[in-house]
Amino acid sequence: MHPRAEPAVLAEFYRRVRPPGFWGRTAAALGEDPRASRRELARGLGRVVREGLVLYLALYGSVRLLFPLPGSGRLGAVVALAIAGGLVLWARRRGD
């Protein structure tokens, strides 16, 4: 078991780094919104999921346009690329 860190050390770390996650007690001790840290963590995880989806759709669409399967159309590839582009534009408008 690890020894507990001193509150002053935790406060200094939080002020410098602003880590996302479960730092509500430290944030509240510093007079900040304790839920802000969790909201930032949720936004970061949402970005990871969105960017992974964009990457997958862009790769799938590109490969299917360059190397179509026999007997299949290219509509799925175009739709995948359109959705990936739409997600990128949506993220830019939001400022993510």
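Student: Which residues are buried in α4, and what makes a residue buried?
Tutor: Ala77, Ala80, Ala84, Leu87 and Ala91. Buried means under 20% relative accessible area, exposed over 50%, partly exposed in between (1.4 Å probe, protein chains only). The model is predicted: local features need pLDDT of at least 70, side-chain atom pairs count only at pLDDT 80 or more, and totals for chains, interfaces and linings use all residues. Residues are numbered from 1 along each chain as its sequence is written, and side-chain values use heavy atoms, leaving out hydrogens and water.

Student: Why is α4 called a helix, and how does its reach compare with the expected one?
Tutor: A helix is a DSSP run of H or I, at least four residues, numbered from the N terminus. Helix α4 (residues 75-94) has 20 residues. The expected span is 1.5 Å times one less than the number of residues. From first C-alpha to last, α4 reaches 28 Å, close to the 28 Å expected. Just after α4, Gly95 takes a positive phi of about 85°.

Student: By class, what makes up the lining of the largest pocket?
Tutor: It has 6 nonpolar, 1 polar and 2 charged residues. Ala, Val, Leu, Ile, Met, Phe, Trp, Tyr, Cys and Pro count as nonpolar, Asp, Glu, Lys and Arg as charged, and the others, Gly among them, as polar.

How values were computed
Helix = DSSP H or I, 4+ residues; strand = E, 2+ residues; numbered from the N terminus.
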